[in-house]
Amino acid sequence: MDAFLHQVLAGLATGGIYASLALALVMIYQATHHVNFAQGAMGMCCTYVAWSLINAGMPYWAAFVLTVLIAFVFGVLIERLVIRPVENSPILAVVVVFIALLVIITSITGWIYSYTIKTFPSPFPDQIGLGRYMSPHQVGAIGVTLVVLLLLYLFFRFTPLGLAMRAAAQNPESSRLVGIRVGWMLALGWGLAAAIGSVAGIMIAPSVYLDPNMMAGVLLYAFAAALVGGIDNPAGAVFGGFLVGVLENVLGAYVIGNELKLAVALVLIVGVLVVRPSGFFGKVHVTRV
Amino acid sequence: MKFKLVTITALLAAAFASPAALAKDPVGIAGKEILLGNINPYSGPASAYGTIGRAIAAYFKKVNDEGGVNGRMLNMVSYDDSYSPPKTVEMARKLVEQDNVLLIFQSLGTPPNTAIQKYMNAKKVPQLFVATGATKWNDPKHFPWTMGWQPNYQTEARIYAADILKNHPNAKIAILYQNDDYGKDYVKGFKDGLGAKASSMIVKEASYEVTDPTVDSQMAQLQASGADTFFNVTTPKFAAQAIRKAWDSGWKPVHYLNNVSASIGSVITPAGKDKSVGIITTAYFKDPDDPEWKNDKAVLDWVAFMKKYYPEGNLHDGSNMYGYTVAQTMVQVIKQCGNDLSRANVMKQAANLKNFEIPTLLPGIKINTSPTDFAPIESVQLAKFDGNTWVRYGAVMGK
Amino acid sequence: MRKSPLIALVVALAAAGVAPFFLTNYHVFQLTLVMVYSIALLGLNMLTGYNGQISLGHGAFYAIGAYCTAILMDHYGVPYWATLPVAGAVCLLVGFLFGLPALRLEGLYLALATFALGVSLPQLLKYHHLEEWTGGVQGITISKPDPPFGLPLDQDQWLYFFTLAVMLLMFAIAWNLLRGRVGLAMRAIRDQHVAAEAMGVNSALYKSLTFGVSAMFTGIAGALGAIAIQFVAPDSFDIFLSIIFLVGIVIGGLASIPGAIYGALFIQFVPNIADEISKAAPWAIFGLFLIGFVYAMPMGVAGAIRMAAARLQRRKPSP
């Protein structure tokens, strides 16, 4: 029983990692209806910025806030400079631009910082750990993810800006007619997604160690988590992340062994999607013919 | 529509704009320059090892600055294969057929090297000092042009197994291994070393993929098995995670760590020195972060070399020490060739290294090869971490 | 066919036919790889370009084809040319079976499902219960075929012509398929699947069949690739291969047969060019190339050529 509990809690800890990146993916999807494959790389790159700031002597929380702001600006710039020109291209061309961003960011970060792993500090006190099951940082990271989720929910539900962003993504033409600056809404969406991604990176790095390929493995699971929870539902994404984390661990430990757990976990996720195509909490879209 | 044709031709022309083949000198030599080939993963999942290629290139630059070898300059052409065997094949063919290199040196990874092994032997081009510890490179009878360099994984694993049989004969062993050739080679050697007792002593094995974000789940499984001995076959990032997770979970097994991940700078420090006390590994070269070598001339020379020739390289990354050391072996072979720089003679001299010592290798470890022995380094020494440094103990084992 | 494309085709064929005698073996090898990739890209293009089903996991079918060939040649001594139909048939079946549940998935969800396939296949190949067949992490080495009937060609040249012949055959099949009723149905499903079904197109059948045929093409490419490289291992078929295939068809031109060739040229040569430009961050240069191509030619190279040709046609006075 104890071993099972350990697996489940370890799964929640890993799931927290997936959930935080999944939030960034959902954010970018809600703002632009695109899934940005470079989201992980952008988050990783911003984490390196935070690392440099902390190494230069800046206190942790100051570096955290500054990095989030830098990430926001970074996201806005990418949207205005890189994504804008291909806005009206076929969707797959945009996907290729995302892939290009992914390789460029990873390659340049590796060149500047080298590929040796680096430690990243954790701000959470020792007292909040769950004994030997979950380290203080893992508990704290889940907490931060939930706070970000709450902030996102409040932003989209209760602020006029959030409403404008959702409108711009769902119906750009009508939004323009109402006076919404759709272009800037997209840029804002990218900025917020980049900011969330940087928070994800800063929370992930202490557990998995910082290196340019840090987010590569996480991206697939985050993508799966976002879809399983419902790509347009931030809470669903977080739920999906925890689900995927626990599922993967339990499968690996008790059902299929570590050698096949990746394949089986993914098969199960795809199975869920076949049965419930919009994920657990997504909105079912009905299109009129 | 001629456009299609023009476009295709233009693309082809651009693709073939590459350095012309060298002139009439014996292959790989152009006047006063020796052309060496190298293939390294500068991108992709194994890009952490790309620094080895850069360290080697920097060392050759140093050698050239000091007059070269027998008056000839060393020029290394290095290509990226992203650890993908098809790319390795393509780059090997490019080096041999287009760039006309004398030999290919320190190509990295077991699948990449397996992919080109047959080709290199068919073309009779030396495939020297490959950067992998797989056991298969010591086979002069079938592959007379391929040679390894570092102590092979199975030998190392057998040493751990012997240590366990001697000091912990009733151990319950758990193994964490990377699910690829490197991981499986170690596990095989380990099980062979335990012999008949392998199935009774090993209570749990858990594998992980290089793409997994963490190994926490696997570590929890291993701990739950009740094992009191842990064989850790992981690459640096995962080794650090495993050490830390074991500590956090309150699991304190007798911990054997494979020497690929024994670097103080890249693994022990990130994991936490206090959490790594008691870990056992084997070593064959000097760890630049080990306080024991703080005033050692060879290590100080290395630091000076890094600062001058490879300033962007990481002084805490053992790979840079590895690259520096293996490059010296290559230089020694070229030196021994004298004025006969044919491929056949290169291979002959590579198989003729007698008690060759490199200052950055541990004291007592010498390089020896012969026409029937294509394993340059076969000796290692056990070492235990005391919270500050790797304390070597026992004899230098192997040949 | 109109006259000028026909002339261009004949010239291109002639050039391809004599090329191996003027180029070094290394270049012949590279061109063989280009042909292999173009068959693979044609397969993917059929599914994604012509039928609108996005696949981020086509590398898996390439791998299955490659392993079929390797296992047949290594374990059973089957001659290399006989392994191609088997590889094709196996991939046709696997692709069709994958396409069936995939019917319920659209867009992003299908992308995830195919991504999952591409990511998990290497793990399956390493699975220890299958090790006896697949060679596990060590992979399988195979030998390059010798030219038959004592033809005065070396191995690289023979393989080039063999691949060229297979490529022409596959392209001819694809061209025939795509310009007929099947192609029309595929494109109708891509553009307006509700209207297509209303017109009597059996959407489910066509979509699954397209998946199967697309997998077959890519599988045969994989088989040829295995013979050219002479080695298969799980590391050769990671998710990046699937991603680079997708990049290839977008750069080459979606829904375009010659686009497969342009795409193959791009994915074979541009990484090498990037490596020569910058040793420090070659993939950054590759990414810049990608962005440049997409900006300048959002419809791919084939699309840009089509547009340029159309513009020139308009300038000519009408007969």
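1. Start with the helix pair in chain A. Helix 1 of chain A packs against helix 10 of chain A at an angle of about 145°, and their axes are 6 Å apart. Here axes are lines fitted to C-alpha atoms, for helices over the stretch in contact, and angles run from 0 to 180 degrees between N-to-C directions. Helices (H or I, at least four residues) and strands (E, at least two) are DSSP runs, numbered from the N terminus. The crossing of helix 1 of chain A with helix 10 of chain A is right-handed; the rule is left-handed if the near helix is turned anticlockwise from the far one by less than a right angle, right-handed if clockwise. By class, the residues of this contact are 16 nonpolar, 9 polar and 1 charged. Ala, Val, Leu, Ile, Met, Phe, Trp, Tyr, Cys and Pro count as nonpolar, Asp, Glu, Lys and Arg as charged, and the others, Gly among them, as polar.

2. A word on what you're looking at: this is a predicted model, where local features need pLDDT of at least 70 and side-chain atom pairs count only at pLDDT 80 or more, while totals for chains, interfaces and linings use all residues. Residues are numbered from 1 along each chain as its sequence is written, and chains are lettered from A and ligands numbered from 1 in the order in which they are written.

3. Next, how chain B meets chain A. The contact joins 33 residues of chain B to 31 residues of chain A, with two residues in contact if their C-beta atoms, placed from the backbone, lie within 7 Å. Helix 8 (216-224) of chain B is one of the elements that each supply at least two residues to the chain B side, and with 6 residues it gives the largest share. The side of chain B that touches chain A has 10 nonpolar, 17 polar and 6 charged residues.

4. Among the buried ones are B:Met219, B:Ala220 and B:Leu222. The partners of these buried residues include helix 1 (2-32) and helix 10 (234-255) of chain A, the pair from the opening point. Just after helix 8 of chain B, B:Gly226 has a positive phi of about 80°.

5. Chain B itself is split into domain 1 (19-151 + 300-378) and domain 2 (153-283), with bounds from an automatic or database domain assignment. Their C-alpha centres are 30 Å apart, and each domain of chain B puts 12 residues into the contact.

6. Chain C has 13 helices and 2 strands. Its radius of gyration is 20 Å, close to the 20 Å that the globule rule gives for 319 residues, so chain C is as compact as a globular protein of that length. That radius is taken over C-alpha atoms, and the rule is 2.2 Å times the number of residues to the power 0.38. Buried residues make up 57% of chain C.

7. Last, chain C against chain A: 32 residues of chain C and 33 residues of chain A take part. Helix 5 (107-126) of chain C is among the elements giving two or more residues to the chain C side, and its 10 residues are the largest share. The side of chain C that touches chain A divides into 27 nonpolar, 4 polar and 1 charged.

Definitions and conventions:
A residue is buried if 20 or more other C-beta atoms lie within 10 Å of its own, exposed if 12 or fewer, and partly exposed in between; C-beta atoms are placed from the backbone.
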